[in-house]
Amino acid sequence: MPISTPFLSQSAFLEGLPIIGGVCAATTEQVIPVLNPATGETITVIPRLGASEAMRAIKYNVEALQSWRCLAAAERAGMLQAWRGLIIQSRDDLARLMTAEQGKPLSEARGEIDYAAGFVEWFAEEARRTYGEIIPSARDRRILVIKQPVGVVGAITPWNFPAAMITRKVAPALASGCTVTLKASELTPLTAFALARLALEAGIPPGVFNVIAGDAPEIGSVLTSHPDVAKFTFTGSTAVGKVLTAQCATTLKRVSMELGGNAPLIVFDDADLDVAVAGAITSKFRNTGQTCICANRILVQDGIHDRFAEALAARVAEFRVGNGLEGDTDQGPLITPAAYRKVRDHVDDAVRHGARVVTGGQHHDAGELFHQPTVLVGATEAMRLAGEETFGPVAPLFRFKSEAEALALANRTRSGLAAYAFTRDMDRFWRMAEALEFGMVAINTGVVSTETAPFGGIRESGLGREGSRHGIAEYLELKTISLGLSGQVQA
Ligand code: NAP
């Protein structure tokens, strides 16, 4: 069934793709089909852009930068608030567009639009709080520190959160006075184009925020090497993040990286069973298991293991799986055949190595890219799913005996994004919070993301933080001004 939203039915939206400086910029006959992963149907086609369009987009950014950075912070904040207002006003249409191209259930898509709008609002407010400092110094000098926008920003975002991963970067960049060229994922470009169109409608001048999509390595190589791009920010896999970081070295750009995770979720014997099950469901199965902070390894202590496995499997077996645009669903499709294949391989490999399927474990007949929500017990470190992100609806349970054993197992990864622990012991709460080697630790909850808190990882999960008051610092340079003073108070 073809999807209809005002975004797709208005010719300005389709003809204006991609939005570069507010005008249609395609110079190529090549197109990319945008597919609905739930049905395999083509939603629409978009121009397949490359290096020359990326260069043009950067040129527009450079031209727009001077007047944008010179606006009063309150003026930029006003336009960001207007953008946020239009995003909220278009919530249902944006959510339908997102579900169509990404597959997540409509209720989750609506939630993501609110989450995405939350970043715009937060950074509109932060725009006016980029305070400097005056540092007491020698008798004849004063030191002033001011914060200035870094300049033109290149950004690349993934398909799993087609709106929020964009506003988490673009809102602080624009708030601080930077201009941005963003390459959206070719799998989910329509939500990105819709956001850019709403930004124009909100009064953000053409050229300040450009969105393109197409040949990823070609566009990526321009964004990471162009001398006019001062800062590069990426969300995606660790493997691609490393390549792009290396590319940025030639012009030594400021770099932020939000990369892959391998989150442990630890359930101790003293946990509240219901809270732990609810937390595991939220953390593991959001977006059909396709989030960077999804619990990838669920470590369960001996004494609670069997009750936890049974309760989790009972909840998971009740999930409604299907096309997010049709009726109430809890779980959608995987994004691509490769993503589906990886989930199948992880399950097969785990079973081969001795895991037992408690529920699920097979293809789901809702469509080609659907997999049954799955709970496995008997997972071990010999299995692929212990060392790689499964990025799908598979919850493997690892059994452990002691706190020390759980901690060692949890920390045994090169990733360091998010970790979860469930316990009612306050001392253990502190021990876990401090000893888990991750950028974010959630205790007794499956939720860590909010615009108000710093989001980011350590080790191979990335560099820098997004969200919170720290998120805008990624787009600001400190400048030191040394002010000489002469004379004394005149008699
Ligand atoms: P990916 O393959 O790294 O793709 C992410 C983005 O990079 C997409 O826009 C993609 O473009 C682009 N890309 C791919 N190869 C490129 C290259 N050689 N040069 C320039 N750009 C390139 O990651 P994914 O599989 O789509 O996304 C899932 C990964 O992202 C997971 O590892 C997940 O953990 C991570 N993630 C991290 C966070 C975080 O905040 N830490 C948040 C969400 C996701 P095309 O899609 O157009 O090919």
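**Close-up 1. Lining of the largest cavity in the predicted model.** The residues that line the largest cavity of this predicted model divide into six nonpolar, two polar and two charged. The lining is made up of Tyr115, Phe161, Met165, Arg168, Arg286, Thr291, Cys292, Ile293, Ser449 and Phe455, and the space that lies in this cavity is about 70 Å³. The structure as a whole holds two cavities of 30 Å³ or more.

**Close-up 2. The largest pocket and the elements that line it.** About 1,100 Å³ of space lies in the largest pocket, which is lined by 44 residues, those closest to its centre being Pro158, Trp159, Gly236, Ser237 and Val240. At least two residues of the lining come from each of α9, β10 (229-235), α10 and α13 (337-352), and α10 gives the most, with five residues. Taken by class, the lining of the largest pocket comprises 18 nonpolar, 19 polar and seven charged residues.

**Close-up 3. The crossing of α9 and α10.** Helix α9 (residues 216-225) and helix α10 (residues 238-248) have axes that come within 8 Å and cross at roughly 40°.

**Close-up 4. The crossing of α4 and α8.** The axes of helix α4 (residues 73-89) and helix α8 (residues 189-201) come within 8 Å, and the angle at which they cross is roughly 130°. That angle makes α4 oblique to α8, since only angles over 145 degrees count as roughly antiparallel and those from 65 to 115 as roughly perpendicular. The crossing of α4 and α8 is right-handed. The residues of α4 in this contact are Trp83, Leu86 and Ile87, which meet Leu195, Leu198, Ala199 and Glu201 in α8, and by class the contact has six nonpolar residues, no polar residues and one charged residue.

**Close-up 5. The crossing of α15 and α16.** Helix α15 (residues 403-411) and helix α16 (residues 426-435) have axes that come within 11 Å and cross at roughly 25°. Because angles under 35 degrees count as roughly parallel, α15 is described as roughly parallel to α16. The crossing in which α15 passes α16 is right-handed. From α15, the residues Glu403, Leu407 and Asn411 meet Arg428, Arg431, Met432 and Ala435 of α16, and the residues of this contact divide into three nonpolar, one polar and three charged.

How values were computed: Residues are numbered from 1 along each chain as its sequence is written. This is a predicted model: local features need pLDDT of at least 70, side-chain atom pairs count only at pLDDT 80 or more; totals for chains, interfaces and linings use all residues. Side-chain values use heavy atoms; hydrogens and water are left out. Axes are lines fitted to C-alpha atoms, for helices over the stretch in contact, and angles run from 0 to 180 degrees between N-to-C directions. Helices (H or I, at least four residues) and strands (E, at least two) are DSSP runs, numbered from the N terminus. On a 1 Å grid over the protein atoms alone, a cavity is a set of points where a 1.4 Å probe fits but cannot get out, and a pocket is an open set with protein on both sides within 12 Å along at least five of seven lines; lining residues have an atom within 4 Å of a point. Grid points are joined across faces, edges and corners, and a volume is the space filled by probe spheres set on the points. Ala, Val, Leu, Ile, Met, Phe, Trp, Tyr, Cys and Pro count as nonpolar, Asp, Glu, Lys and Arg as charged, and the others, Gly among them, as polar. A crossing is left-handed if the near helix is turned anticlockwise from the far one by less than a right angle, and right-handed if clockwise. Contact means heavy atoms within 4.5 Å.
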